[in-house]
Amino acid sequence: MATKINYEQMIWALADFGRSKLSITEMVPVIAQFLAWGKLSAAGTLPTEFRLEQFGRIIGGPSVEPFIRVFSSLAEMESLGRNRKAFVSDTRALQNLGPTGLSKILDTLLMTGIFSSTTNYVEIFDALIEVRSDRSSEFISIIPNEVAMLMARLVGTGENDRIYCAYDGSLLLAVQAAKAGHQVFYEVTRISEWPLIANILCDINIETSFSDPIRSPAWVSAGELRQFDGAIGCPVWGEKRSRMDFDDFFNRFPDNTSNSEVIQTRHLLAHSNKRVAVAVPVGLLFRAAGGEQQFKESVVRNQWLKSVIVLPPGMLNRTQIQFAVLVFDKSEKQNSIFFMNVRGEEEFIEDRGRGKRRLTNIDRLIDLVNSPMDTICSRLVSADECAAQNFNLLSERYVQTSERQKLISYLEGKQTVPIKEIADILRAQAFGEIDESNGEDYLPDDFYEVSVSDIDGGLVRNAQKKIKIPMKHSYSAEELLLKAGDVLLSIKGRVGHVGLVTEDHAGNLLPGQMFVILRPKSKSIDAITLFRFLRSPVGQGLLEERTAGASIKMINTKDLSSLPIIIPSDRDRKEVRNVHKRALNLQQQISSLTDELRELETSLWSI
């Protein structure tokens with residue numbers, strides 16, 4: 001029985017022939033061209049004189065010219081159709097590899113017997129993408145294969161649908177849609193051999209246009225964008241595009257935004273008269289900036305948004321950015337939106353170790369999207385409920401996880417009040433760097449900025465970072481000066497850290513930009529009670545469910561203002577005081593023991 005070839009290991013071994021000469025980004029396309037050449041040769045598609053097995057072993061030959069000539073001939077071979085352009089070679093890469101390196105690739109492929117009737121060329125293509133994405137900073141496909149399969153199947157609902165696909169990171173989306181039997185029209189800005197390599201190795205037919213979909217869309221008919229049965233894509237994440245950089249002759253972009261995720265999603269929506277699936281970072285789901293908020297409100301009110309599927313971090317090769325799949329359907333009105341949060345669900349997520357995860361059970365996911373039902377990780381939500389949440393599309397807002405259910409059960413029957421009713425919420429302010437060369441006047445006193453590291457045992461200690469306050473900001477600084485009884489809460493970065501300001505450390509302290517000041521204004525809840533509640537498991541759970549962010553975690557001030565605070569009974573207040581006093585005593589003992597330990601450890605052989 002023949003040994004099964006590990007295609008990924010084979011590609012890494014072939015790439016080793018170019019070590020110190022070419023990067024992985026440069027090496028893998030050369031290997032891909034050899035593999036496509038071998039497949040066409042084994043299938044008898046090429047004339048005999050151009051077949052890989054006939055090319056022979058020329059190890060140690062004096063020149064790379066035979067390789068350049070054969071790739072040039074393949075690139076001009078009319079019988080290959082548009083796929084011939086897969087062999088337009090990087091002459092510099094071939095010359096850097098040299099005749100020895102190229103011959104070693106050829107010889108290795110011939111000796112492994114890889115071009116046989118049992119070869120799985122689709123797996124070879126997947127391995128090529130995996131190797132190239134593993135160490136390359138330039139992605140030809142951001143989305144992993146499993147998510148690409150999910151998105152392609154959600155969009156292509158009929159047989160032989162015409163599917164439009166766009167953007168440089170969307171190759172696997174186009175491949176999966178084509179493998180599902182659909183006609184795929186792929187538009188990509190960067191000229192690349194990869195869509196054509198995919199056609200050859202996967203026996204598919206992706207029709208590719210190399211053009212900028214936003215500036216100069218290629219699929220146009222009679223002055224209008226061509227309409228497809230579905231559209232699919234992964235926009236460029238985090239990029240800004242000035243509206244001055246392109247003309248919009250097709251009225252695609254009603255939102256006042258430069259955000260690429262919104263602009264490129266709008267383009268996909270303009271090209272489809274049925275379903276659209278798009279992968280976006282979760283930041284888009286909760287950001288409330290003007291144009292982004294306008295976009296989310298529009299797709300909900302137009303009843304286009306069908307599903308929001310939030311995936312966990314660790315799905316991507318080179319980043320922990322968390323992303324979601326948005327599914328739209330313009331062919332029928334969506335009276336409700338199906339939210340799914342598969343973040344911690346073993347039914348859908350396989351843990352690969354080292355923080356990496358893989359999507360599984362795709363058939364079940366597709367069934368749920370097409371026939372929505374409330375489950376432990378999903379819920380059907382009305383447009384009115386979404387509007388009440390200010391069109392925040394984070395699934396955590398609507399799907400009650402087991403942790404959320406525990407919180408709800410605990411809060412039932414408790415008297416609560418929104419935090420904004422019992423405390424003023426003051427945002428920290430950046431006062432800028434000291435620059436005496438600009439002639440600006442500063443307040444004579446020194447001030448100190450509190451960071452998370454200045455909170456010890458929940459109490460704000462003496463801050464280390466000295467700052468100066470410009471005279472023009474004196475009023476703002478005075479309002480933000482920390483007072484005894486203030487509670488600091490970090491809402492950006494290390495979200496959820498809570499610090500109490502005491503009489504001992506009030507003074508010329510100002511909060512760092514990650515904080516808000518909670519300044520109690522109600523007799524029903526004093527500073528100590530508020531401080532202890534926010535540090536409690538219930539308080540931390542409530543803060544966590546309001547936390548959002550793809551790379552930097554944060555809590556929106558509006559979301560914070562509605563955070564429910566339990567109004568304690570007289571008995572509870574007394575218990576809070578007792579716990580607080582005991583905690584401070586223990587903290588003082590810990591501090592004393594730490595100092596004593598430090599002195600003991602430095603007492604021997606001290607300098």
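Let's start with one residue. At 3% relative accessibility, Tyr167 counts as buried, because the cut-off for that word is under 20%. Keep in mind that this is a predicted model. Tyr167 lies in the loop between β1 and α8, and α8 covers residues 171–179. Now look at its backbone. Phi of Tyr167 is near 95 degrees, which is a positive value in a residue other than glycine. Why mention that? Most residues other than glycine have a negative phi.

Here is another one. Phi of Ser20 is near 75 degrees, again positive and again not a glycine. Ser20 is found in the loop between α1, residues 7–15, and α2. Is Ser20 buried or exposed? It is exposed, because its relative accessible area is 76% and the cut-off for exposed is over 50%.

Helix α2 runs over residues 24–42. Its 19 residues should span 27 Å at 1.5 Å a residue. The end C-alpha atoms are 27 Å apart, so the two values agree. How many residues of α2 are buried? The count is 16 of 19, so this helix is mostly covered. Just after α2 comes Gly44, with a positive phi of about 75 degrees.

Next, the inside. The largest nonpolar core has 100 residues. The residues with the most contacts inside this core are Phe34, Trp37, Phe87, Phe125, Leu128 and Met340. Which helix gives the most to this core? That is α2, with 11 residues. There is also a second, separate core of 40 residues. Tyr164, Phe253, Leu326 and Val399 are among its members.

Let me zoom in on Phe125. Set aside its neighbours within four places in sequence. Phe125 is then in contact with Leu171, Leu172, Val175, Trp194, Ile197, Ala198, Leu201 and Cys202.

Strand β6, residues 228–233, and strand β7, residues 272–281, run parallel. They are joined by 5 bridges. In this pair, Phe228 stands opposite Ser272 in β7.

What lies across these strands?

On to helix α12, residues 290–301. It has 12 residues and reaches 16 Å from its first C-alpha to its last. That is close to the 16 Å expected at 1.5 Å a residue. Its buried residues are Gly291, Glu292, Gln293, Phe295, Lys296, Ser298, Val299 and Val300. What covers them? The cover includes α10, α11, β8, β9, β10 and α14. Just after α12, Gln303 takes a positive phi of about 60 degrees.

Two helices packing together come next. Helix α7, residues 145–155, packs with helix α13, residues 362–370. The angle is about 35 degrees, and the axes are 10 Å apart. The crossing of α7 past α13 is right-handed. From α7, the contact is made by Glu146, Met149, Leu150, Arg153 and Leu154. From α13, Ile362, Asp363, Leu365, Ile366 and Val369 take part.

There is another open sheet, with 3 strands. Its order is β19-β16-β22, and the pairing is mixed. The edge strands are β19, residues 465–467, and β22, residues 509–511, and each pairs on one side only. Here the twist averages 45 degrees from one strand to the next. Strand β16, residues 447–450, pairs with β19 in the antiparallel sense over 3 bridges. In that pair, Glu449 stands opposite Lys465.

One last stop. Thr529 lies in helix α18, residues 527–535. Is Thr529 buried or exposed? It is buried, with a relative accessible area of 8%. Leaving aside neighbours within four places in sequence, Thr529 is in contact with Pro568 and Val576.

Conventions: Residues are numbered from 1 along each chain as its sequence is written. This is a predicted model: local features need pLDDT of at least 70, side-chain atom pairs count only at pLDDT 80 or more; totals for chains, interfaces and linings use all residues. Side-chain values use heavy atoms; hydrogens and water are left out. A nonpolar core is a set of buried Ala, Val, Leu, Ile, Met, Phe, Trp, Tyr and Cys residues joined through side-chain atoms within 4.5 Å. Buried means under 20% relative accessible area, exposed over 50%, partly exposed in between (1.4 Å probe, protein chains only). Helices (H or I, at least four residues) and strands (E, at least two) are DSSP runs, numbered from the N terminus. Contact means heavy atoms within 4.5 Å. Two strands pair if DSSP finds at least two bridges between them. The expected span of a helix is 1.5 Å times one less than its number of residues. Axes are lines fitted to C-alpha atoms, for helices over the stretch in contact, and angles run from 0 to 180 degrees between N-to-C directions. A crossing is left-handed if the near helix is turned anticlockwise from the far one by less than a right angle, and right-handed if clockwise.
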